[in-house]
Amino acid sequence: MAASKPGPRFNKRGRDRPGQRPIGPRPSASLWYGLAFLLLLFLVQMYYVTSNVGSLPYSEFKTLLKNGQVAEVTIADQAVRGTLKQTASTDQKQFKQFTTTRVEDPKLIEELEAQGVKYTGETANRWLPDLLGWIIPLVFFIGIWGFFFRRMSGAEGGVMSFARSRAKIYADDEVKVRFADVAGVDEAEDELKEIVEFLKNPKKYTNLGGRIPKGVLLVGPPGTGKTLLARAVAGEAHVPFFSLTGSEFVEMFVGVGAARIRDLFQQAEAKAPCIVFIDELDALGKMRVQSPLGSHEEREQTLNQLLAEMDGFDARKGVIIMAATNRPEVLDPALLRPGRFDRQVLVDKPDVKGREAILRIHAKGVKMAADVDLKIVAARTAGFAGADLANLVNEAALLAARGDKTSVGMKDFESAIDRLIAGLEKKRVMSTKEREIVAYHESGHAIVASVLPGLDPVHKISIVQRGFGALGYTMQLPLEDRYLMTRGDLLSQLAVLLGGRTAEEIALGDISTGAQNDLQRATDIARAMVTEFGMSDALGAINYDGNKRARFLDIVMPQERGLYGEETAQKIDAEIKRILTEAHDTARDILSGHRDKLETVTRRLLDIEVMEGEELRKLLGVGPLKSVVSSQ
Ligand code: ADP
Ligand code: MG
Ligand code: ZN
């Protein structure tokens, strides 16, 4: 089906980038200089060749002298020059002036006197020949060399512009993108509007002593509109926009990338307020590692320079550094520290409403038939990112054109979707079956979390695939900070974590791999209950595992097992198993008791993809309830 598919269009760069002009002299100008110079040289040579100075052998000169045909002679170091008399025999000669190489001839003066020839000597004064012999070729070669050199260092920043930053600079009114051209990423948009506000009116914020974020990092799957959003910020704020890609700093030569960063920041500071946008930051900001194959010195230096510049930067001057990446996990942690990219904005794949809005934006320039319902198109394109949707509209238009239609109809959209889904299969778009599994799974988490007492209320359920491997999520937000958890709280949490898997069992009679993360977290909690918190009756209030938590971070340090024997180990495992089995039973009880609700919530979730907590509680008929867990 996808055999004759034209390549996807959406990842092409530069399509909508105005103002890219090659810098440097136009090659034709230098070419003209070169030609003019050659012409001049030619003329000089012609003058010497055609001027009527004849060169004679010395003997002939002496014969002419004896015959009284010489009028005047100048004796120089190396040569004798002279003029011939105007006589009948000399008129045959083509020249009047002659030159001859000087020969050791002591009698010459006598002979000249005898003939009454006017003669004079000449001291060596060779500046003119020197000039012609040396300077002209030199100038010539410098000319040629300069010509080629400038060609080499032309538009693409050649030899001489190594250390210059290659940022494309857009003047304040050159960026035409507005927030209205972006849809389906409302949360990210809201956060960025704040940045625009600041760039437009920095004093309002700094007068109160507020600190403006220095760096904003846009993270999200490819094609969700990160680059577009950054451009929209520049377009709305009406400030100069420096745009470049992380890979542009990564060079073969050590030190070049770092110099470029320095140059970039200098330029930016001169143009403040402005935005510096580094796209695909991961190319430059990868974690610094000790590689067995030798370190990537160059990239590290570049990264260090970036870190240093960001530190030394005074945000009050109004330079905001934006960056985008779809691989935040590979970024060097130092980049994410406060004072650098301290603000991270998630640009996620759009839900069904967002998809409809994006389709509307891209359908604006397309002639649509009356039967096209973008709502239905949006419903059928779960998992599509903004760029996929833009591509979809384009494909549909191409199909319509191929069918010689006057407008793009619903049929064209249907076939375009089929094509793209076939093409996107590699990109892991969920099938209908998979979406159903995920919907049951998330509904299971949400229902257990809402029914059991003592848990944080569900804030949001989503089956929109996220970029970081999660197929869906159920988010609970705590009503207040917690410092302590009771055994009851933890047991409830375990039930919530197992609720997803249990819902799959009950509704579909089969289980999927989607619960892997839930099971791991549930097992960690259960183990901690037994070995750290002394919450198991069978083992008592004993800590078996020592202090294995990092002092400041809530992460478990990788460490070998605590000091206990084989028998205790078996007991611990048995207790963990018992706790988890009980939690599983709790979840099963709840979900079997709410079988109809499980169905309702799942169907609704398949429809709208993202459900707010309020709607969930309404569907379940429960009042606001009260975990710190968000289960996937
Ligand atoms: P990213 O940088 O996240 O990979 P881009 O910003 O380059 O994605 O998006 C590529 C194109 O896809 C955009 O130029 C735009 O036409 C379309 N697009 C992507 N996301 C959106 C969106 N949220 N709203 C409207 N158009 C979008
Ligand atoms: Mg991009
Ligand atoms: Zn889950």
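How many aromatic pairs does the structure hold? In this predicted model, the count comes to 5 aromatic pairs. A pair of this kind is described by the distance of the ring centres and the angle of the planes. One of the pairs joins Phe37 and Phe140, whose ring centres are 5.3 Å apart; their planes meet at 20°, so this pair is stacked. Phe37 counts as partly exposed, at 23% relative accessibility. Together with Phe141, Phe37 and Phe140 form one aromatic cluster.

A further pair is made by Phe61 and Phe98, with ring centres 5.5 Å apart and planes at 40°, so the arrangement is tilted. Here too distant parts of the chain are linked: Phe61 sits in helix 2 (residues 58–66) and Phe98 in strand 4 (residues 97–101), 37 residues apart. Phe61 is buried, with a relative accessible area of 0%, and Phe98 counts as buried at 1%.

The protein chain contains 20 helices and 14 strands. Of its 632 residues, 43% count as buried. The chain exposes about 34,300 Å², and carbon and sulfur atoms supply 56% of that area. Part of the nonpolar surface can be located in the model: Leu31, Trp32, Leu35, Leu38 and Leu41 form a patch with about 520 Å² of accessible area together. Leu35, one of these residues, is found in helix 1 (residues 27–50) and is partly exposed, with a relative accessible area of 44%.

Charged side chains provide another set of contacts, with 24 salt bridges in the structure. In one of them, Glu189 and Lys193 meet at 3.7 Å, N to O. These two residues are 4 apart in helix 5 (residues 186–200), which means that about one helical turn separates them. Glu189 counts as buried at 9% relative accessibility, whereas Lys193 counts as partly exposed at 40%. Lys193 has a second contact, lying over the face of Phe179 at 5.6 Å from the ring centre.

The side chains of Arg355 and Glu609 meet at 2.7 Å, N to O. Arg355 lies in helix 11 (residues 352–363) and Glu609 in the loop between helix 19 (595–608) and strand 14 (610–612), so the bridge ties together parts 254 residues apart in sequence. Arg355 counts as buried at 0% relative accessibility, and Glu609 counts as buried at 2%. Arg588 and Glu505 form a salt bridge at 3.9 Å, N to O. This pair links helix 18 (residues 566–593) with helix 16 (residues 487–508), across 83 residues. Both partners are partly exposed: Arg588 has a relative accessible area of 32% and Glu505 one of 24%. Finally, Glu436, Arg595, Glu599 and Arg603 are linked in a network of salt bridges.

Definitions and conventions:
Residues numbered from 1 in each chain as written. Chains lettered and ligands numbered in written order. Predicted model: local features only at pLDDT ≥ 70, side-chain atom pairs only at ≥ 80, totals over all residues. Heavy atoms only, no water. Patch = residues over 30% accessible without salt bridge, like charges linked within 9 Å, V, L, I, M, F, W, Y side chains within 5 Å. Areas by Shrake-Rupley, 256 points an atom, 1.4 Å probe, with all protein chains shown as cover. Salt bridge = Lys/Arg side-chain N within 4 Å of Asp/Glu carboxyl O. Buried < 20%, exposed > 50% of the residue type's maximum accessible area, 1.4 Å probe, protein only. Phe/Tyr/Trp six-rings, centres within 6.5 Å; stacked < 30°, edge-to-face > 60°. Lys NZ or Arg CZ within 6 Å of the ring centre and 35° of its normal.
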